Protein chains: 2
Amino acid sequence: MKHKEEALAKLRGMGDEVLESVLHENVPNIKIPSRGTGNIIYNPDKRYFELGDRKGTRSLGNVKQIKKMAQMMCVGNFCKELVNIQKTATMREMYYVSEGWDVGFDNQQESNNITEDIEVTLGVSRENLGLLPEEDGASVFGDITLRDDDVEFNAKKLGKSGYTIPPTVDDIEFVDSNVDRIIAVETMGMYHRMVQEKAYDRFNTLVIGLKGQAARATRRFIRRASDELNVPVYICNDGDPWGFHIAMVIISGSAKLAHVNHDLATPDAKFLGVTASDIINYDLPTDDLKDVDVNRLKELAQDPRYKGEFWQTEIKKMLKLGKKAEQQSFSKYGLEYIVDTYFPNKISALEGKPIE
Amino acid sequence: MKHKEEALAKLRGMGDEVLESVLHENVPNIKIPSRGTGNIIYNPDKRYFELGDRKGTRSLGNVKQIKKMAQMMCVGNFCKELVNIQKTATMREMYYVSEGWDVGFDNQQESNNITEDIEVTLGVSRENLGLLPEEDGASVFGDITLRDDDVEFNAKKLGKSGYTIPPTVDDIEFVDSNVDRIIAVETMGMYHRMVQEKAYDRFNTLVIGLKGQAARATRRFIRRASDELNVPVYICNDGDPWGFHIAMVIISGSAKLAHVNHDLATPDAKFLGVTASDIINYDLPTDDLKDVDVNRLKELAQDPRYKGEFWQTEIKKMLKLGKKAEQQSFSKYGLEYIVDTYFPNKISALEGKPIE
């Protein structure tokens with residue numbers, strides 16, 4: 001596993017640097033890239049947020065930093081063991097394990113911060129250091145064969161709920177696949193609709209059920225699928241600022257995770273809908289925009305990730321319309337309408353030819 | 001599928017009754033069991049909440065009830081079609097579909113209420129009427145072979161996240177299994193710990209990751225597994241009133257779902273921990289009980305589901321101790337401790353012999 005070797009090498013590097021300072025009777029210190037808002041920069045070429053060059057120094061010569069420095073070493077050592085024995089732990093487990101260290105944590109936030117310091121310093125995501133988020137990722141249905149540990153399986157043959165993306169996405173091997181595209185939808189209701197209408201066969205697509213805001217594991221899986229299967233990715237969410245932004249975080253990453261967006265963002269993914277134009281063209285059942293929706297839309301219009309013409313037009317149109325619509329509102333025309341009519345229309349338009 | 005035939009027969013029965021009244025020039029009416037708190041009764045023999053005998057009458061002779069009566073017929077008809085064509089819809093989809101009916105709904109709550117009226121009247125759960133909740137159920141890992149539609153799979157061979165219970169639990173066939181027990185845990189963090197430490201092999205158990213409060217699908221799956229595999233079910237949650245109650249809703253059902261508890265409750269399931277006694281015996285890291293915890297514990301002590309000696313003792317002990325502890329706090333003794341030591345101790349005690 002390449003990413004494990006890399007994580008181990010970088011962890012060792014951090015330790016070696018400190019050791020070397022000690023051996024040369026210098027004061028050990030570590031340079032940590034700043035995660036402050038001033039150092040989170042949108043890169044228009046890469047089309048996602050990343051960290052700038054600003055760095056801070058954590059030094060054993062500064063009495064206020066001694067404890068944090070020691071905690072970094074303890075967490076680094078804990079991670080090295082995890083990766084070595086090929087295990088993982090949740091952040092919460094590590095917090096309890098740290099009770100046995102000489103420099104434990106006062107609270108979970110403190111241990112989260114130190115973990116993030118290490119992620120940023122090494123440029124390695126916590127998952128590859130063996131530290132897992134609590135939650136699993138999205139559901140996946142379609143013709144892709146995966147291998148995880150010693151088990152191989154196809155995501156069309158695991159029952160109606162399909163394959164659930166585990167937190168350890170980089171351990172999965174993409175063995176084989178036969179799909180022309182990937183369609184992610186916001187709700188599990190829509191996911192089950194897609195599965196029931198056999199959208200996976202009719203559009204030769206992977207279907208991904210995001211379950212709202214996409215987990216880190218989901219974002220990493222979509223990125224890997226985009227890179228390794230080399231097919232277009234479409235995201236279909238509710239037609240409101242929250243649905244837009246669930247898609248955008250998959251596409252261009254979040255500011256908070258600027259240090260790992262190079263692994264998580266999928267800048268080539270496209271928003272399929274629901275758009276303000278769809279609301280008009282399909283005469284969808286709507287709700288009025290609330291103040292909080294209007295304010296959020298105005299915020300998005302200023303966000304560098306939304307500066308393209310498509311988004312600027314759709315945001316303005318929605319503000320003018322004063323309406324929003326859910327994915328499931330297509331059911332007005334019958335349960336099958338979204339798969340029979342809407343998806344073929346939209347995908348054909350995006351791909352410039354009729355869907356087969 | 002027996003439950004589908006049953007659902008269809010009952011839906012037809014409801015329609016026939018109304019039709020017959022019309023043909024005999026009587027005023028059509030339907031008797032609906034009351035869901036008011038006065039009619040929700042704890043049955044100490046069955047060990048769960050069920051509805052009493054109180055019924056209300058909905059009649060076309062009452063001008064205020066005409067719309068609701070018509071809505072019941074429309075929903076009943078929609079469900080009949082769903083079951084016939086072997087499809088399902090979310091409650092949200094039905095709400096949008098109802099835009100095309102002569103008696104649509106003003107809001108989602110109205111359509112939810114009518115659906116519940118039908119569930120209660122027919123004694124059939126909404127899932128078996130083709131109406132699905134949005135969310136999927138728990139994750140399952142272990143040696144059980146299931147069949148869903150035309151696909152057969154084993155829940156040990158689906159990757160690290162295991163099998164995800166779909167909303168349509170009664171469509172699944174339990175083909176084969178080789179387990180001696182079922183252990184459900186509250187968090188996915190603990191689930192992944194169990195999988196990583198191979199608890200499924202060491203305890204010859206199914207491992208179920210509840211993801212907090214168990215979904216209806218999870219409760220139905222656990223009940224079916226308990227009945228059909230004929231093995232004990234253990235639930236291991238956080239040691240606090242919320243963890244207790246997540247277990248209790250699996251064991252004895254909720255008051256709100258009194259009309260379907262006969263299909264959802266698993267009265268023989270046992271709470272494995274974390275108990276107040278465990279906090280003391282294992283010297284676990286704790287947090288102080290907050291006021292809201294104390295109040296909730298006092299409520300539970302009065303609840304008929306908690307009237308047994310085990311619960312009364314443990315609730316009193318926790319109140320006296322003034323402390324609560326999470327599942328993951330066993331990590332104080334190392335990540336493996338809970339599987340190496342705690343589970344074997346507790347299961348042996350419950351089963352009266354050492355775990356193999």
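The structure is a predicted model, in which local features need pLDDT of at least 70, side-chain atom pairs count only at pLDDT 80 or more, and totals for chains, interfaces and linings use all residues. Residues are numbered from 1 along each chain as its sequence is written, chains are lettered from A and ligands numbered from 1 in the order in which they are written, and side-chain values use heavy atoms, with hydrogens and water left out.

I begin with the sheet. Strand 12 (residues 181–185) of chain B runs parallel to strand 13 (residues 205–209) of chain B, joined by five bridges. Within this pairing, B:Ala184 stands opposite B:Ile208.

I turn now to salt bridges, where a side-chain nitrogen of Lys or Arg lies within 4 Å of a carboxyl oxygen of Asp or Glu. The count over all chains is 72. B:Glu351 forms one with B:Arg181, the closest N and O atoms being 2.8 Å apart. B:Glu351 lies in helix 13 (residues 337–351; helices are DSSP runs of H or I, at least four residues) and B:Arg181 in strand 12 of chain B, so the pair ties together parts 170 residues apart in sequence. In chain A, A:Arg305 forms a salt bridge with A:Asp303, again with closest N and O atoms 2.8 Å apart.

How values were computed. Pairing = 2+ DSSP bridges. Helix = DSSP H or I, 4+ residues; strand = E, 2+ residues; numbered from the N terminus.
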